[in-house]
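Take a look at the structure shown here. The text below then leads through it step by step.

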Amino acid sequence: MNKMFTLAVLLSATLGAVADTVGEVSTTFKLLSPNDKVVVDVFDDPAVEGVACYLSHAKTGGYKGAMGLAEDTSDAAVACRQVGPISFKGKIAAQEEVFNARSSFLFKHVRVVRMVDSKRNTLVYLVYSDKLIDGSPKNSVTAVPVPATQPIPLK
């Protein structure tokens, strides 16, 4: 089951951002099928060296979840941290999607968008869920300050 999710993340990741699963906890017990879970993944910002984002999200179990047909809830949180010296691989957009993973068989994704707060020299990361017809207002935000002596190179 964990391998199926990792494969789905790898296939749907954008901009080279690939997530590794850090761990998971069961939130319900199902006797004959996989439990519902909260999964914690980590990915490195594809354009900013030294920044990693930890993403927690719901993973639906049951028979549909085991077959990859379940729709996960829109509950997700993100925490991005400086994990090394910050450096930029080039100019970055003021706002761009840095991670994308499917959360249903069709039409629903968990997305992480990086925004630049130029006034405070800070990278802001927002996680949210969208769906073809109607998305969810549930979201989470985190920020990583960049040293004042290091300007963020904007496109």
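The paragraphs that follow cover a sheet, a disulfide and a loop residue.

This is a predicted model. Start with the sheet. Four strands form an open sheet in the order β1-β2-β3-β4, and their pairing is antiparallel. Strands β1 (20-26) and β4 lie at the edges, and each pairs on one side only. On average, neighbouring strands in this sheet are turned by 15° against each other, direction ignored.

Now look at one pairing inside this sheet. Strand β2 covers residues 37-44 and pairs with β3 over eight bridges, in the antiparallel sense. Here V39 stands opposite H57, a residue of β3.

Next comes the disulfide. A disulfide is a covalent bond between the sulfur atoms of two cysteines. The structure holds one. Its partners are C53 and C80, with sulfur atoms 2.1 Å apart. The pair links distant parts of the chain: C53 sits in strand β3 (residues 48-59), C80 in strand β4 (residues 76-88), and 27 residues separate them. The link of C53 and C80 is right-handed, with 110° about the S-S bond.

Are these cysteines buried or exposed? C53 has 0% relative accessibility, so it counts as buried. C80 has 1% relative accessibility, so C80 counts as buried too. The cut-off for buried is under 20%.

Finally, turn to N121. This residue is found in the loop between β6 (108-117) and β7 (122-131). N121 counts as buried because its relative accessibility is 14%, and buried means under 20%.

Conventions: Residues are numbered from 1 along each chain as its sequence is written. This is a predicted model: local features need pLDDT of at least 70, side-chain atom pairs count only at pLDDT 80 or more; totals for chains, interfaces and linings use all residues. Side-chain values use heavy atoms; hydrogens and water are left out. A disulfide is a pair of cysteine sulfur atoms within 2.5 Å. Helices (H or I, at least four residues) and strands (E, at least two) are DSSP runs, numbered from the N terminus. Buried means under 20% relative accessible area, exposed over 50%, partly exposed in between (1.4 Å probe, protein chains only). Two strands pair if DSSP finds at least two bridges between them. Axes are lines fitted to C-alpha atoms, for helices over the stretch in contact, and angles run from 0 to 180 degrees between N-to-C directions.
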